[in-house]
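Please read these notes beside the sequence and the 3D view. They go point by point.

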Amino acid sequence: MYDTELERQVLKADITKKVKKFFSDIPKEKKYAANDIIEKMSETLYIIEMLKAEIDSEGIWGTNGNGKKSISPAIGAFNNTMKLYLSVFKQMCDFLGDKEIKRKSDELLTFLKNKDWFNWLEKK
């Protein structure tokens with residue numbers, strides 16, 4: 001799906017743009033410090049999208065060293081990366097403070113439901 005370097009760079013730029021837009025209303029005094037967390041979130045979402053594309057094309061089953069059918073390593077990487085993303089998002093919520101947590105959490109859930117990552121994984 002993202003076979004060329006150009007496709008991957010476009011995807012990465014698009015994800016970064018969306019994450020920055022998502023957090024565009026951060027108070028000015030916190031904006032500079034939040035950029036590092038935003039970058040981590042963008043990178044993690046990029047990895048998630050790449051793993052999702054790999055799972056879509058290769059399936060959830062692979063073969064182990066003995067030639068027997070086993071779960072693809074991409075599934076484990078996907079799950080671990082999702083955990084990392086949620087951890088980074090929690091860092092951002094902690095950084096923003098209590099006022100922003102509820103609103104951003106609601107926005108995150110809406111975003112994830114629109115991307116349908118969790119439902120997609122269950123169907124595999």
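1. The buried residues of helix H1 are Leu 11, Ile 15, Thr 16, Val 19 and Phe 22. Buried means under 20% relative accessible area, exposed over 50%, and partly exposed in between (1.4 Å probe, protein chains only). Helices are DSSP runs of H or I with at least four residues, numbered from the N terminus.

2. Seen down the axis of H1, these buried residues fall within an arc of 130 degrees, so they line one face of the helix. The arc is taken from the directions from the helix axis to the C-beta atoms. Leu 6, Val 10, Lys 17 and Lys 21, on the other side of H1, are exposed.

3. This is a predicted model: local features need pLDDT of at least 70, side-chain atom pairs count only at pLDDT 80 or more, and totals for chains, interfaces and linings use all residues. Residues are numbered from 1 along each chain as its sequence is written, and side-chain values use heavy atoms, with hydrogens and water left out.

4. Phe 22, Phe 23, Tyr 85 and Phe 89 form one aromatic cluster. Rings of Phe, Tyr and Trp (its six-membered ring) pair if their centres lie within 6.5 Å; planes under 30 degrees apart count as stacked, over 60 as edge-to-face and the rest as tilted.

5. Phe 23 is buried, with a relative accessible area of 1%. The ring centres of Phe 23 and Phe 89 are 6.3 Å apart and their planes are at 45 degrees, so the pair is tilted. Phe 23 is in the loop between helix H1 (5-22) and helix H2 (28-58), while Phe 89 is in helix H3 (residues 73-96), 66 residues apart.

How values were computed. Helix = DSSP H or I, 4+ residues; strand = E, 2+ residues; numbered from the N terminus.
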